[in-house]
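Open the structure in your viewer and keep the selection tool at hand. The stops below follow one after another.

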Amino acid sequence: MRAGTVRDNERQGRRPADGSRPIPTVRPDAVLSGPWLLPGHDGRLLAYAHVDGAVLRWTEDGAGGPGWQGPDVLPAADVTRCTLIQGTNRYVHVIGRRVRGSAGGPLVVDLVYAIQYQAGRPMSEWRSVGNPLVRRERSAELGVPAGAVDTTGSLHVFAPTAEGRAVLRREDAKGRWEPWADLKATGVREAPAVVAASTGRMELLVTTHNGAAIWYQAKPGAVPERGHDLGVVPLPGSATGLETSPGRVTYVLTDLHSGGIVTVRAGEWPVPVGGAPGDGRHAALAVTIDGHPCTVLAHRDHAGRIVIGVCPTEGERYGVWWTDTGVDCLGDPVLARDARGRVVVLALGSDGAPTLARQSDGPGLTLGAWTRI
């Protein structure tokens, strides 16, 4: 984002009819990744978007909404891609791939992170995680990171390399970084889909050129090792994981060969669940609807609209009920529950503005009106 763009957006934003502060907008061509929607320590939801030069954050006025504050700006010079993760303590970790260098010289790439400890509070400064490729001329071979925080508060950062490996670096609960570890994978295409389970163990879906496999921790704190092959080739960038019962992870992804959506768990066959997804990542959320445990899914379809699905938890074989919301979006929609337990769907609208809908009161899963924040 050019210097002053955020201020320009606020100055040029629409003013609500009640004459309150302008509604900030985000230039659609400035969005690099996101959005994300996470619960804060006090129940308020936090919405984030990574734009050129900054990470923007909006915070609910009160737990359950409907008003929002922001955006607050975390400068992110030279950070080309971000991901956000959260542990059980609700701290938000922003992990980014930073690229620096002068024209005519080799690029220098490292991974960096910043932390927000409490909702509405400033984020920490960026700190470097480093790069396992120590030679300057090779540092750019490190890919976009992924991460997770386990039940002890230990931050795990994963990244692929250009030679098809996957590497891991961990920060323990006392803030000490361990050396880089090699997961001994080959043909890796992208950062893994990572889930920190409530049992203390971590599980990963690693996508390779000819398939996908599970990597898992034999015990909490161990370096993940290879487990089951999944019998499906994910479309790059499409997979997400969700703990659907204690220690048991369900992955949702787009099948590269059929173009449809499948769900899969370690040791089971993939289950086709229909849909006509675009090329983005799926979102998944565990909820209770009318007293029944359910999984809510969301994706952006080929036409660029948000589609929502619902199925019984781990019961995808009985069918997923899909609903086309008719709402256009940029990038991938995300899901969260607010302080009242309602499902919230967030996406960047076609104009770049964060837009959301909440579950209405009453039976089933019905969304209320879509509003800009």
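Start by selecting Tyr-113, which at 5% relative accessibility counts as buried (buried is under 20% relative accessible area, exposed over 50%, partly exposed in between, with a 1.4 Å probe and protein chains only). This is a predicted model, in which local features need pLDDT of at least 70, side-chain atom pairs count only at pLDDT 80 or more, and totals for chains, interfaces and linings use all residues. Residues are numbered from 1 along each chain as its sequence is written, and side-chain values use heavy atoms, with hydrogens and water left out.

Of its 9 residues, 8 are buried, so β7 is largely enclosed by the rest of the structure.

His-93 stands opposite Ile-115 of β7.

Now look for aromatic pairs, of which the whole structure has 2 (rings of Phe, Tyr and Trp, the last by its six-membered ring, pair if their centres lie within 6.5 Å; planes under 30 degrees apart count as stacked, over 60 as edge-to-face and the rest as tilted). Select Tyr-91 and Tyr-117: their ring centres are 4.9 Å apart and the planes stand at 85°, so the pair is edge-to-face. Tyr-91 counts as partly exposed at 30% relative accessibility.

Technical notes. Helices (H or I, at least four residues) and strands (E, at least two) are DSSP runs, numbered from the N terminus. Two strands pair if DSSP finds at least two bridges between them.
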